[in-house]
Amino acid sequence: MEEEASPPGLGCSKPHLEKLTLGITRILESSPGVTEVTIIEKPPAERHMISSWEQKNNCVMPEDVKNFYLMTNGFHMTWSVKLDEHIIPLGSMAINSISKLTQLTQSSMYSLPNAPTLADLEDDTHEASDDQPEKPHFDSRSVIFELDSCNGNGKVCLVYKSGKPALAEDTEIWFLDRALYWHFLTDTFTAYYRLLITHLGLPQWQYAFTSYGISPQAKQWFSMYKPITYNTNLLTEETDSFVNKLDPSKVFKSKNKIVIPKKKGPVQPAGGQKGPSGPSGPSTSSTSKSSSGSGNPIRK
């Protein structure tokens, strides 16, 4: 694979970006087939922007979220793969900027009178259990902010579990799938950020933390580009039966084929390749076929 020129802002030339990406840039750039590793550099947020957000939403921002925004006002890193001269966008890691850290809307989902809202979807039948914390609520019991839209595959949300006024210590990170079911991810933003980076932004990686897991197509990419914190339970013996084992080094290697000489069959004597000189009737034809098949010369 030819080495792709890194866009400005990557690698060791920008130590703060290297720290922000936990060094994942170098790992991606050295992976077979990976190209166009790009990070959009964003300026740090100012403290008054954080204070303004807290006052507007009546919520105290957790310290680790504040520290993140004081380093960069949002985050967006992408990478692609090159297959048969086609470049396919694959990985995407994103955190909304403060201005886009907006509350999950409670307005009508449809612009019709008396249309249902998210709060109408409340289902209290699945409450907290020993191995799963209480799920967020779409009504006023929880305050929910969108961290990442996951390219339409769901939403990663910063959830305040106690309603307004919301305290920083009451926050958790949850994943809302496209069917509007909640799945717990982490207790803190810092822990979620590590998951985001170490899963390389692979498509649908958040579904690895759901009961139904990632799609077969996503499993193919997981098999090729294993996340650093790879969950071996993702590819159990049962799912292995329909997941092709792809080796990136073989997929992206040079197309120069090695010509393997074909094995030659037994050389027949010259006489065996000639038929009888006389007119051949049906019996002569069958004799010729059987004789040439055995490789013996034909007597005239």
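I began with Phe-68, which counts as buried at 6% relative accessibility, where buried means under 20% relative accessible area, exposed over 50% and partly exposed in between, with a 1.4 Å probe and protein chains only. The model is a predicted one, in which local features need pLDDT of at least 70 and side-chain atom pairs count only at pLDDT 80 or more, while totals for chains, interfaces and linings use all residues. Residues are numbered from 1 along each chain as its sequence is written, and side-chain values use heavy atoms, with hydrogens and water left out.

Aromatic rings. I looked up the partner of Phe-68 and found Tyr-69, the two forming an edge-to-face pair with 5.4 Å centre to centre and 70° between the planes; rings of Phe, Tyr and Trp (its six-membered ring) pair if their centres lie within 6.5 Å, and planes under 30 degrees apart count as stacked, over 60 as edge-to-face and the rest as tilted. Tyr-69 is buried as well, with a relative accessible area of 0%. For Tyr-207 and Tyr-212 I noted ring centres 6.3 Å apart and planes at 45°, so this pair is tilted; Tyr-207 is buried at 11%, whereas Tyr-212 is partly exposed at 46%. The structure holds 15 aromatic pairs, and one aromatic cluster is formed by Phe-68, Tyr-69, Phe-75, Phe-189 and Tyr-193.

Helix α4. I then turned to the helix of residues 63-71, in which Val-65, Lys-66, Phe-68 and Tyr-69 are buried; helices (H or I, at least four residues) and strands (E, at least two) are DSSP runs, numbered from the N terminus. These four cover an arc of only 160° around the axis, which puts them on the same side of α4, the arc being that of the directions from the helix axis to the C-beta atoms. Among the elements that cover the buried residues of α4 I listed α1 (15-20), α3 (47-57), β2 (75-83) and α5 (189-198), with contact meaning heavy atoms within 4.5 Å.

Cysteines. How many disulfides are there? I counted zero, a disulfide being a pair of cysteine sulfur atoms within 2.5 Å. The sulfur of Cys-150 is 8.3 Å from the closest cysteine sulfur, in Cys-157, which is too far for a bond. Cys-150 is buried at 7%, and Cys-157 is buried at 0%.
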